[in-house]
Amino acid sequence: MAFKLSEEFKTKAEKLCAKYPRRDAALIPLLHELQKEAGYVAEEGMDALALFLELPYSRVKAVATFYTMFNREPAGKYHLQVCRNISCHMAGAEGLLERLRAALGIAEGETTKDGLFTLSAVECLGACGSAPVMQVNDDYFENLTGEKLDVILEELKHGKYPSQK
Ligand code: FES
């Protein structure tokens with residue numbers, strides 16, 4: 001059966017579209033909503049969104065695949081996105097990624113077997129002044145060090161969402 005946008009989604013989407021002069025301007029916020037609802041942006045979701053916005057599927061797919069914040073596959077409970085752009089790179093992002101790969105036993109783009117963590121290396125998160133930066137789901141953790149990273153991981157493993165420092 002074809003994928004259908006939920007009625008709740010459509011109501012929210014109509015409200016969002018009404019905020020913009022043109023419906024297609026709501027594309028990125030709606031991709032966020034889609035991801036919030038399903039945990040990721042699937043092909044069928046993009047197709048349904050294209051129909052809803054009366055846009056070519058290719059345009060929706062181009063936007064969804066350009067931005068690293070949209071997951072193309074189901075992510076773990078905690079999506080760890082480490083910025084590897086220039087400021088974060090200079091401030092030790094590669095060391096953080098290495099630490100995460102070793103601690104979790106996964107590479108970028110993979111999810112741990114228990115479904116708890118997905119690891120990604122992403123482009124600039126727009127917080128270069130507090131590099132290195134990692135985004136966990138919707139929250140940023142800035143000025144990271146290896147030690148801070150270990151604490152965050154331990155807390156997440158024990159079901160405690162770490163406070164941002
Ligand atoms: S370079 Fe990492 S947040 Fe901009």
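The buried residues of helix H3 pack against helix H1, residues 7–18, and against H2 and H4. This is a predicted model, so keep that in mind throughout. H3 itself covers residues 43–53, and its buried residues are Gly45, Met46, Ala48, Leu49, Ala50, Phe52 and Leu53. Why can residues three or four places apart in a helix point the same way? An α-helix has 3.6 residues a turn, so residues at that spacing end up facing one direction.

Phe52, one of the buried residues of H3, has Arg23 over the face of its ring, 5.0 Å from the ring centre. Then, just after H3, Glu54 takes a positive phi of about 55°.

H2, residues 27–38, and H4, residues 57–66, pack with their axes 11 Å apart, at an angle of about 70°. Angles from 65 to 115 degrees count as roughly perpendicular, so that is the word for H2 and H4. Which residues make this contact? From H2 they are Leu27, Ile28 and Leu31, and from H4 they are Arg59, Val60, Val63 and Ala64.

Now the whole protein. It has 7 helices and 4 strands. Starting at the N terminus, the order of elements is α-α-α-α-β-α-α-β-β-β-α. The C-alpha trace spans about 50 × 35 × 25 Å along its principal axes. There are 165 residues, and 41% of them count as buried. If we take contacts between residues at least 6 apart in sequence, 55% of those join residues at least 24 apart.

On to the aromatic rings. A pair of rings is described by two values, the distance of the centres and the angle of the planes. How many aromatic pairs are there in this model? The count comes to 3. In one of them, Phe66 and Tyr67, the ring centres are 4.9 Å apart and the planes stand at 90°, so the pair is edge-to-face. Are these two residues buried or exposed? Phe66 counts as exposed because its relative accessibility is 62%, and the cut-off for exposed is over 50%. Tyr67 has a relative accessible area of 30%, so it is partly exposed.

Tyr78 and Phe117 form a tilted pair, with 5.8 Å from centre to centre and 35° between the planes. This pair links distant parts of the chain: Tyr78 is in strand S1, residues 78–83, and Phe117 is in strand S2, residues 117–122, which puts them 39 residues apart. Buried means under 20% relative accessible area, so Tyr78 at 6% counts as buried, and so does Phe117 at 2%. Back at Phe66 and Tyr67, ring pairs join these two residues and Phe70 into a cluster.

What does Thr118 touch, leaving out residues up to four places away in sequence? The list is Ala75, Gly76, Tyr78, His79, Leu80, Glu110 and Thr111. Tyr78 on that list is the residue that pairs with Phe117.

Last, the cysteines. Cys83 is buried, at 2% relative accessibility, and Cys88 is buried as well, at 3%. How many disulfides does the model have? The count is 0.

Key:
Residues numbered from 1 in each chain as written. Predicted model: local features only at pLDDT ≥ 70, side-chain atom pairs only at ≥ 80, totals over all residues. Heavy atoms only, no water. Phe/Tyr/Trp six-rings, centres within 6.5 Å; stacked < 30°, edge-to-face > 60°. Buried < 20%, exposed > 50% of the residue type's maximum accessible area, 1.4 Å probe, protein only. Helix = DSSP H or I, 4+ residues; strand = E, 2+ residues; numbered from the N terminus. Lys NZ or Arg CZ within 6 Å of the ring centre and 35° of its normal. Disulfide = S-S within 2.5 Å. Contact = heavy atoms within 4.5 Å. Axes fitted to C-alpha atoms, helices over the stretch in contact; angles between N-to-C directions. Parallel < 35°, antiparallel > 145°, perpendicular 65-115°, else oblique.
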